[in-house]
Amino acid sequence: MKPMPCFDTVAKYYDEAFGTAADLGDVEMYKSFARRFGGPVLEIGCGTGRVLKPIADMGIEIDGIDVSEAMISILKSKIADISPMPNICLGDMRRIELTKRYRLVTIPFRTLQHMITIEDKLQALAAAKNHLLDDGHLIFDVAFPNYESLASGFGEETLSAEWRAETKSDKFGRMFFRREGYCQKDQVMIGSLIFRLLDGDNVLNEEIQPLQMHFFSFPEIEALCNSARLEIEEFYGSYDLKPFEENSTQMVFVVKASR
Ligand SMILES: C[S@@+](CC[C@H](N)C(=O)[O-])C[C@H]1O[C@@H](n2cnc3c(N)ncnc32)[C@H](O)[C@@H]1O
């Protein structure tokens with residue numbers, strides 16, 4: 001099993017870069033699934049708790065696991081007063097060995113796309129399934145690929161988020177996305193997230209997080225679920241649970257163990 005790339009660089013910018021993007025809408029979706037299915041919930045790839053904390057704030061029992069120590073340490077600092085206190089573990093989603101079983105296991109915000117090989121994907125799905133109660137559900141979302149844009153624009157930087165870095169100064173942070181390559185055969189996008197601290201036009205600091213993401217087709221998810229003995233119960237094309245259409249940008253799956 002190959003180690004996963006480290007997500008520690010992105011951790012310190014994550015909440016500013018992604019936490020304020022209200023248009024994401026996935027937090028409300030996962031909150032409503034947690035309300036509908038109930039706890040205990042396990043979030044795989046819980047990061048800094050962008051999704052986990054709002055669910056814990058609803059009084060729903062939720063635990064989390066993530067491979068990045070830096071992500072987890074930010075999350076822990078935000079949940080010190082929450083009851084019941086979430087159990088947050090450091091671990092790889094391909095090999096989770098918790099004793100507890102869950103009514104709902106989630107893999108939010110395209111985290112499954114960090115699984116590059118078929119073995120990675122099957123191990124991650126099997127580990128998630130192994131932590132379900134008998135009547136439990138696994139919910140995950142992945143991007144629906146636009147193959148034309150994936151295979152173009154190499155080297156270009158796109159501004160993806162901007163935030164004020166300090167309250168009493170003009171310094172601000174910016175996150176750019178740069179696509180560097182795309183492997184058509186494996187459907188893997190190679191790119192970087194670039195974080196810059198700026199004062200006007202002056203770049204004060206720059207950090208780069210390399211990124212590799214696999215892009216799934218619907219039939220691939222169907223085949224992986226069949227192999228992992230998981231049954232797709234519901235399938236949506238957006239975070240507000242609209243039916244999937246050709247121009248959808250998300251795929252949201254609600255699955256359970258096959259009988
Ligand atoms: C896109 S972020 C999502 C974080 C959080 N779920 C959210 O929605 O804000 C992906 C997260 O998955 C974690 N991750 C990546 N590969 C992982 C692996 N093999 N096992 C566990 N976590 C992993 C990263 O550290 C990161 O926190």
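Me: What makes H1 and H4 count as meeting, and which residues are involved?
Reply: In this predicted model, Asp8, Ala11, Lys12 and Tyr14 of H1 meet Glu69, Ala70, Met71 and Ile74 of H4. Residues are in contact if their C-beta atoms lie within 7 Å. By class, this contact has five nonpolar, no polar and three charged residues.

Me: Why are H1 and H4 called roughly parallel?
Reply: The axes of H1 (residues 8–19) and H4 (residues 69–78) cross at roughly 30 degrees and come within 7 Å. Angles under 35 degrees count as roughly parallel, and H1 and H4 are therefore roughly parallel to each other.

Me: What makes E3 and E10 edge strands?
Reply: The open sheet has seven strands in the order E3-E2-E1-E4-E5-E11-E10, with mixed pairing. Strand E3 (88–90) and strand E10 (230–236) each pair on one side only. From one strand to the next, the twist averages 20 degrees.

Me: How do you know that E2 and E3 pair?
Reply: A pair needs at least two bridges. Strand E2 (residues 62–66) and E3 have three bridges, in the parallel sense. Gly64 stands opposite Ile88 in E3.

Me: What does H4 touch on the sheet, and how is H4 directed?
Reply: H4 packs on the sheet and touches E2 and E3. The direction of H4 makes about 165 degrees with that of E3. Angles over 145 degrees count as roughly antiparallel, so this angle falls in that class.

Technical notes
Residues numbered from 1 in each chain as written. Predicted model: local features only at pLDDT ≥ 70, side-chain atom pairs only at ≥ 80, totals over all residues. Axes fitted to C-alpha atoms, helices over the stretch in contact; angles between N-to-C directions. Helix = DSSP H or I, 4+ residues; strand = E, 2+ residues; numbered from the N terminus. Parallel < 35°, antiparallel > 145°, perpendicular 65-115°, else oblique. Contact = placed C-beta atoms within 7 Å. Nonpolar A, V, L, I, M, F, W, Y, C, P; charged D, E, K, R; others polar.
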